[in-house]
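The sequence and coordinates come next.

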Amino acid sequence: MPTECIRAIVTGYADYRDNDRMLTLFSAERGRIDCKARNCRKPTAPLLSCTQPFVFGEFELFFNNDRATVNGCEVRETFYPLREDVDRFMCASAATQLCNAVIEHESEDRQLFSLLYHILSFLAYTESDPRDLLIAFMLHYLDHAGYRPSLTRCAICRRDVRQDAVLYYSTDAGGVVCAACPHGGRAVSKIALEAMRRILLLSHEELTRVVLKDELKRELYAILRNSCAKMLGEGDRAVALLDQIL
Ligand SMILES: [Zn+2]
């Protein structure tokens, strides 16, 4: 098998032996690629800089019987400021873990790649609140995965609920639920529903426009965390990370 050049972001790693590392790469064209990086953890290793989390680069990979090894890499972006701020690092880790939970081998996913690339850029290089960015990421991520919440119609009876005074949110039903339907008792504010509707109208380039007050941030974060847990399972690593950030 030949060597191939693949543009990708490092979305995960696991160290093994003294100096080696197993990398998870996310490529827009090829989806998930698991590959070995040998001798990359020595201080003088040529692969040291490209085997760090969040690095975006052109990876030269050698394929042998479906196993990939990193030969070299031209780093395009390190998103280095993420390493200097715990909150931003945690939110970037949650975003990459959420991607790892859904990306598949040999499966093109330009939309999700674009979303991740923009969120890492904004987390690293803008003053935006990292939790606002993570909330925007989670909502677009869920939408991309087919879990777009119902926001103006009851997720059960499909009635338009925009004039209703009291509304609930049901993760199981997939959105807002009216008082007449079995709702589970978790009330949702109208401002939270409107915020989600507006965030979903934004393009990836516009996600720094999301600025949320603390109370609204908490409400949205809980809703989206529960939706991710429903989709991935409560035991998923990404969900555990979301709970740490909360
Ligand atoms: Zn209803």
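## Nonpolar cores

The largest nonpolar core has 65 residues, and those with the most contacts inside it are Leu134, Phe137, Tyr141 and Met196. A nonpolar core is a set of buried Ala, Val, Leu, Ile, Met, Phe, Trp, Tyr and Cys residues joined through side-chain atoms within 4.5 Å; buried means under 20% relative accessible area (1.4 Å probe, protein chains only). At least two residues of this core come from each of α1 (86-102), α2 (110-125), α3 (130-144), β6 (167-170), β7 (175-178), α4 (190-201), α5 (214-232) and α6 (237-245). Helices (H or I, at least four residues) and strands (E, at least two) are DSSP runs, numbered from the N terminus. A second, separate core of 17 residues includes Leu23, Phe59, Phe63 and Val70.

The model is predicted: local features need pLDDT of at least 70 and side-chain atom pairs pLDDT 80 or more, while totals for chains, interfaces and linings use all residues. Residues are numbered from 1 along each chain as its sequence is written, and side-chain values use heavy atoms, without hydrogens and water.

## Zinc site

Cys154, Cys157, Cys178 and Cys181 each donate SG to the zinc ion, at 2.3 to 2.4 Å. Donors are N, O and S atoms within 2.8 Å of the metal (3.2 Å for Na, K and Ca); water is not among the atoms, so sites may look incomplete. The spacing of the donors along the chain is C-x2-C-x20-C-x2-C. Cys178 and Cys181 are both buried.

Definitions and conventions
Buried < 20%, exposed > 50% of the residue type's maximum accessible area, 1.4 Å probe, protein only.
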